[in-house]
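Subject: Handing over the model

Hi,

Here's the structure I promised to pass on.

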Amino acid sequence: MVTIVGVRFKKAGKIYYFSPGELQIAAGDGCIVETARGVEFGHVVIPPRQVPESEVVQPLKQVLRSANAEDYARMEANRRRAEEAFGIAVEKVKEHQLPMRMLEAEYTLDDSKLIFSFSAEGRVDFRELVKDLAAIFRTRIELRQVGVRDEAKILGGLGSCGRSLCCATFLGEFEPVSIRMAKEQNLSLNPSKISGVCGRLMCCLKYECEVYEDSREVFGTCCKDTPRLVDVDEFYHEVEEESDYYLDLLKEDSIQEVDYQMMVETAEIEKNTIEDTREQSKNRPAKKKRKPKKKKKEGAKQEREQSAKPAGESAAKKRRRPRRRKAKPKAESKGE
């Protein structure tokens with residue numbers, strides 16, 4: 001077992017583990033630690049605790065000392081200097097006409113390095129910019145390119161829920177989010193509905209995904225004895241076609257006044273259209289019965305045969321003349 005403390009350098013930054021040594025440190029205290037960027041000021045967010053060695057990345061660096069009043073004053077001074085340096089860097093970027101957007105500037109506690117964070121669509125040749133900034137500030141300059149999610153984390157903003165962005169408030173690390181999580185929660189797959197201000201899938205899709213997976217394993221997708229529920233899509237194309245859809249909605253209590261009035265009008269229109277179709281069906285004239293096709297064919301055949309025969313034959317059949325009887329020969333006399 002190893003004793004560690006969790007240190008965070010920004011409000012919603014990643015938590016790094018250090019060894020407290022013999023120092024008495026509690027959560028919320030400031031401390032001075034040495035990192036790959038130099039000596040930095042951080043806040044303890046995880047009090048000293050023992051964890052297995054397998055969960056710690058070796059070598060584990062040690063906390064140098066607890067922060068004092070001088071360290072807090074230097075940190076505030078560096079913050080004001082970083083704001084001035086940020087404005088100068090933005091002007092230099094415009095002079096060099098570089099396709100990059102400056103996000104923030106940050107001094108290390110010992111003033112050994114000035115770090116600029118920027119975002120860009122591709123690679124940027126900023127060698128001339130670094131030379132100009134180094135000549136102005138007389139210190140080591142580091143330019144760090146970040147992605148769209150880190151850009152939203154640095155700038156902050158409001159999400160579609162109306163609250164501050166999770167990444168800028170409490171999320172220390174970005175967890176992978178996939179479109180499968182939205183499908184499992186029966187959410188709309190419209191990109192504008194499930195994407196954040198950064199243009200990527202919202203991080204909050206990960207929050208309840210495990211709950212849906214567990215409930216699906218326990219209860220299944222649907223009951224065997226009951227019919228499966230209709231999956232309602234975003235725009236209610238299929239559901240609006242069902243009869244009495246708007247009339248059922250009027251029974252709900254959570255409908256606002258504007259929506260209620262709109263649905264009343266829609267229900268009346270739907271009812272009137274149904275009545276009109278019924279009246280039209282009643283007023284339609286009855287269809288005449290058609291003669292069977294077989295009789296038509298036989299009648300046409302007889303007409304063709306009669307037209308083909310001469311007129312004399314037809315008249316002879318209708319009226320026959322009586323036959324003449326032949327005269328009998330006279331009997332010869334026997335005397336002759």
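This is a predicted model: local features need pLDDT of at least 70, side-chain atom pairs count only at pLDDT 80 or more; totals for chains, interfaces and linings use all residues.

Which residues have the most contacts inside the largest nonpolar core? They are Met-100, Met-102, Leu-114, Phe-116, Leu-129, Leu-133 and Phe-137, in a core of 18 residues. By nonpolar core I mean a set of buried Ala, Val, Leu, Ile, Met, Phe, Trp, Tyr and Cys residues joined through side-chain atoms within 4.5 Å. Buried is under 20% relative accessible area, exposed is over 50%, and partly exposed is in between (1.4 Å probe, protein chains only).

Before you dig in, two bits of housekeeping. Residues are numbered from 1 along each chain as its sequence is written, and side-chain values use heavy atoms, with hydrogens and water left out.

**The chain overall**

The protein chain has 12 helices and 8 strands; these are DSSP runs, numbered from the N terminus, with helices (H or I) of at least four residues and strands (E) of at least two. Of its 336 residues, 25% are buried. The chain exposes about 26700 Å², and 50% of that comes from carbon and sulfur atoms (Shrake-Rupley areas with a 1.4 Å probe; for residues, only the protein chains shown count as cover). Take the contacts (heavy atoms within 4.5 Å) between residues at least 6 apart in sequence: 61% of them join residues at least 24 apart.

**The cores**

Back to the 18-residue core. Helix H1 (69-96), strand E6 (101-107), E7, H2 and strand E8 (140-145) each put in at least two residues, and H1 gives the most, with 4 residues. Apart from this core lies another, of 8 residues, including Val-5, Val-7, Phe-18 and Cys-31. As background, nonpolar side chains in soluble globular proteins tend to be buried together.

Beyond its neighbours within four places in sequence, Met-102 is in contact with Phe-86, Ala-89, Val-90, Val-93, Phe-116, Ser-117, Phe-118 and Leu-143.

**Rings**

I get 5 aromatic pairs. Rings of Phe, Tyr and Trp (its six-membered ring) pair if their centres lie within 6.5 Å; planes under 30 degrees apart are stacked, over 60 edge-to-face, and the rest tilted. Phe-9 and Phe-18 make an edge-to-face pair, because their ring planes are at 90°, with the centres 6.5 Å apart. Phe-18 is buried, at 5% relative accessibility. The pair of Phe-116 and Phe-137 also has its centres 6.5 Å apart, but the planes are at 45°, so this one is tilted. Phe-116 sits in strand E7 (residues 113-119) and Phe-137 in helix H2 (residues 127-137), so the pair ties together parts that are 21 residues apart in sequence. Phe-116 is buried at a relative accessible area of 0%, and Phe-137 counts as buried at 18%. There is also an aromatic cluster made of Phe-9, Tyr-16 and Phe-18.

Two charges sit over rings, in the sense that NZ of Lys or CZ of Arg is within 6 Å of the ring centre and within 35 degrees of the ring normal. Arg-81 lies over the face of Tyr-107, 4.3 Å from the ring centre. The charged end of Lys-153 is over the ring of Phe-174, 5.5 Å from its centre.

**Strand E3 and its partners**

In E3 (residues 30-35), 5 of the 6 residues are buried. E3 runs antiparallel to strand E4 (residues 38-51), with 6 bridges between them, and a hairpin of 2 residues links the two. Pairing here needs at least two DSSP bridges between the strands. Glu-34 has Val-39 as its bridge partner in E4. E3 also pairs with strand E5 (residues 65-66), antiparallel over 2 bridges, where Ile-32 is partnered by Arg-65.

**A loop residue**

Ala-12 is in the loop between strand E1 (2-8) and strand E2 (15-18), and is buried at a relative accessible area of 6%. Ala-12 and Cys-167 are 155 residues apart in sequence, yet 7.0 Å apart in space, C-alpha to C-alpha.

Cheers
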